[in-house]
Amino acid sequence: MLIDRICLLLTIIGALNWGSIGLFKFDLVAWIFGGQGSLWARIVYTVVALAGIWCISLLFRSREEIEGHSDM
């Protein structure tokens, strides 16, 4: 599904941002959007978090459902 791929991409972006925070103490999202407290940065953080929550569902689906080849 398209939403699965979008959510996976957003989750990867979030993971890379966390990696840059952990390794370099540099928050790319905050830098782009004017600080962690800015409205736009908070929106990005929230969207990435929602994408991560959506990706939890991937753990509980069969491979056929994920690839869109279910027999239903």
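The side chains of aspartate 4 and arginine 61 meet in a salt bridge, with 2.8 Å from N to O. The term stands for a side-chain nitrogen of Lys or Arg within 4 Å of a carboxyl oxygen of Asp or Glu, and by this rule the count comes to 1 salt bridge. The pair ties together distant parts of the chain: aspartate 4 sits in helix 1, while arginine 61 sits in the loop between helix 3 and helix 4, 57 residues apart. Helices here are DSSP runs (H or I, at least four residues), numbered from the N terminus. Aspartate 4 is buried, because its relative accessible area is 5%; buried means under 20%, exposed over 50%, and partly exposed in between, with a 1.4 Å probe and protein chains only. As a rule, side chains of opposite charge can pair when their charged atoms come close.

All of this comes from a predicted model, in which local features need pLDDT of at least 70, side-chain atom pairs count only at pLDDT 80 or more, and totals for chains, interfaces and linings use all residues. Residues are numbered from 1 along each chain as its sequence is written, and side-chain values use heavy atoms, with hydrogens and water left out. As for pLDDT (the predictor's confidence in each residue, from 0 to 100), the protein chain has a mean of 91, and 92% of its residues reach 70 or more. Where pLDDT is low, the predicted coordinates should not be read in detail.

On the surface there is a nonpolar patch with about 1,200 Å² of accessible area together, and its members include Leu23, Phe24, Trp31, Phe33, Trp40 and Val47. Patches take residues with over 30% relative accessible area and no salt bridge, joining like charges within 9 Å and nonpolar side chains (Val, Leu, Ile, Met, Phe, Trp, Tyr) within 5 Å. The areas come from the Shrake-Rupley method with a 1.4 Å probe, and for residues only the protein chains shown count as cover. Helix 1 (2–24), helix 2 (28–33) and helix 3 (39–56) each supply at least two residues of the nonpolar patch. Phenylalanine 33, found in helix 2, counts as partly exposed because its relative accessibility is 34%.

Between helix 1 and helix 2 runs a loop that holds lysine 25. Phi of lysine 25 is near 55 degrees, a positive value in a residue other than glycine. Most residues other than glycine have a negative phi. Lysine 25 also counts as exposed, because its relative accessibility is 78%.

Isoleucine 3, in helix 1, and tryptophan 54 are 51 residues apart along the chain, yet their C-alpha atoms are separated by 9.0 Å. Alanine 15, also in helix 1, and glycine 52 are 37 residues apart in sequence and 9.8 Å apart in space, C-alpha to C-alpha. Alanine 15 is partly exposed, because its relative accessible area is 47%.

Finally, the largest pocket is lined by residues including Ile13, Trp18, Asp27, Gln36 and Tyr45. Helix 1 and helix 3 are the elements that give two or more residues to this lining, and the largest share, 5 residues, comes from helix 1.

Definitions and conventions
1 Å grid on protein atoms, 1.4 Å probe; cavity = no way out; pocket = protein on both sides within 12 Å on 5 of 7 lines; lining within 4 Å.
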